[in-house]
Amino acid sequence: MIKNIVFDVGDVLVDFRYKDYMRDLGMDEETVEFLSQNIVLTEFWHELDLGFRTNEEARVHFIGKYPEYKDEINRFWEDPSDIVREYDYSAGLLQGLKDKGYGVYVLSNYPIEISELHWPKFRFLPIADGYIISGYERMTKPSPEIYKLLESRFGIKLSECLFVDDRQVNIDGAEAVGMQAVLFTGYDEIVKKFEELPELIDGKTIDSTVDEKKRKLAERKNEIAHKKQEIKDMLKSKILIDVVCPDCGATQRINVDKTPGHCYYCGRLLRYNKATKRVEPGAGQEKDIIRTQYEFQRRNQLFGETN
């Protein structure tokens, strides 16, 4: 059963608008396409995601490789604060899932220095129960280890997680470690997917919670009914009457099916004769003559008997 939703960030919760960012810096379309292919979509950028490189190292590296774009590269790395913009729906999307009882987590490939510029401003971040940034971990999706960090760090089960990402390779990586996953293709589609999820109470669906309460209530009713029947059966088997001891005259209540018994006061053996419906001293039969130490002492105190 799904209990947690794990989100990618870029192009899921924020717009990774690197092309528009470069256009905002005044670059023409040819330059935008060139730098997109040779800066953002490169193995070096992946090393940024891994935390192996700094922004300054990236700037120096790319100027050395493409000196004819020195000015544009300097502008690109001067202040990349606006290279992403949070989607208007993101905070509400996460809050809606939290309101339905789901844990919400974030797992993103993101360079360290750029994350320090962006993440403190994300409105969705305080809503999340936890997050993992690849640059700090020195590992990226789709490595199995970074998905497993969710389990070891936050104590959640991967088998109870639904992972949302815009890249199929990351979806495949999540499924390989036992997570359920859905490819993000747009807000409307993911909202429809989330609408299919049941509401949870303490990590259980409302239906299952209600069913469990009904089961416990039924068990309790059966237990009460059983106890009532036991009491009825017990009362039926106990025919209690008030009698007077022939020796000491004490009145007491006895069970006619449990005689012979002792007088509660003097300790005398008593027998209820069902034929005559009278209480008689128990003497006259060998088993009734045998007195307990208690009876002997009590009778000796009351009547001075010694045998």
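## Basis and overall make-up

This is a predicted model, in which local features need pLDDT of at least 70 and side-chain atom pairs count only at pLDDT 80 or more, whereas totals for chains, interfaces and linings use all residues. Residues are numbered from 1 along each chain as its sequence is written, and side-chain values use heavy atoms, with hydrogens and water left out.

The secondary structure comes to 14 helices and 14 strands, where helices (H or I, at least four residues) and strands (E, at least two) are DSSP runs numbered from the N terminus. Of the 307 residues of the protein, 41% count as buried; buried means under 20% relative accessible area, exposed means over 50%, and partly exposed lies in between, with a 1.4 Å probe and protein chains only. Among contacts (heavy atoms within 4.5 Å) between residues at least 6 apart in sequence, 57% join residues at least 24 apart.

In helix α5, which spans residues 70-78, the buried residues are Glu 72, Ile 73, Phe 76 and Trp 77. Seen down the axis of α5, these buried residues fall within an arc of 125°, so they line one face of the helix; the arc is that of the directions from the helix axis to the C-beta atoms. The face turned away from the buried side of α5 carries the exposed residues Asp 71 and Glu 78, while the buried residues of α5 pack against α1 (18-24), α2 (29-40), α3, α4 and α7.

Helix α6 (residues 90-99) buries Ser 90, Ala 91, Leu 93, Leu 94 and Leu 97. Viewed down the axis of α6, its buried residues fall within an arc of 165°, so they too line one face of their helix. The cover over the buried residues of α6 includes β1 (4-7), β3 (84-86), β4 (103-108) and α11 (187-195), and just after α6 Gly 101 takes a positive phi of about 100°.

## Nonpolar cores

A nonpolar core is here a set of buried Ala, Val, Leu, Ile, Met, Phe, Trp, Tyr and Cys residues joined through side-chain atoms within 4.5 Å. The largest such core has 54 residues, and those with the most contacts inside it are Ile 5, Phe 7, Trp 77, Phe 124 and Phe 194. A second, separate core of 17 residues includes Leu 107, Leu 149, Cys 161 and Ala 174.

Leaving aside neighbours within four places in sequence, Phe 124 is in contact with Val 9, Leu 13, Val 14, Glu 86, Ser 90, Ala 91, Leu 94 and Val 106. Among these partners, Ser 90, Ala 91 and Leu 94 are buried residues of α6.

## The largest pocket

About 580 Å³ of space lies in the largest pocket. On a 1 Å grid over the protein atoms alone, a pocket is an open set of points where a 1.4 Å probe fits, with protein on both sides within 12 Å along at least five of seven lines, and lining residues have an atom within 4 Å of a point. Grid points are joined across faces, edges and corners, and the volume is the space filled by probe spheres set on the points.

Of the 27 residues that line this pocket, the closest to its centre are Phe 16, Trp 45, Asp 49, Asn 109 and Arg 167. The lining divides into 13 nonpolar, seven polar and seven charged residues, with Ala, Val, Leu, Ile, Met, Phe, Trp, Tyr, Cys and Pro counted as nonpolar, Asp, Glu, Lys and Arg as charged, and the others, Gly among them, as polar. At least two lining residues each come from β2 (14-16), α3 (43-49), α7 (112-118) and α10 (168-176), and α3 gives the most, with three.

## Individual residues and backbone features

Phe 52, in the loop between α3 and α4 (55-65), is partly exposed, with a relative accessible area of 44%. Beyond its neighbours within four places in sequence, Phe 52 is in contact with Glu 47, Glu 57 and Arg 138. Asn 55, found in helix α4, counts as buried at 11% relative accessibility, and, not counting residues up to four places away in sequence, Asn 55 touches Leu 48, Trp 77, Pro 80, Glu 113 and Ile 114.

Most residues other than glycine have a negative phi, and most peptide bonds are trans. Asp 11, in the loop between β1 and β2, has a positive phi near 65°, and Arg 138, in the loop between α8 and α9, has a positive phi of about 60°. A cis peptide bond, with omega about 10°, joins Lys 141 and Pro 142, and Pro 142 lies in the loop between α8 (134-137) and α9 (144-154).
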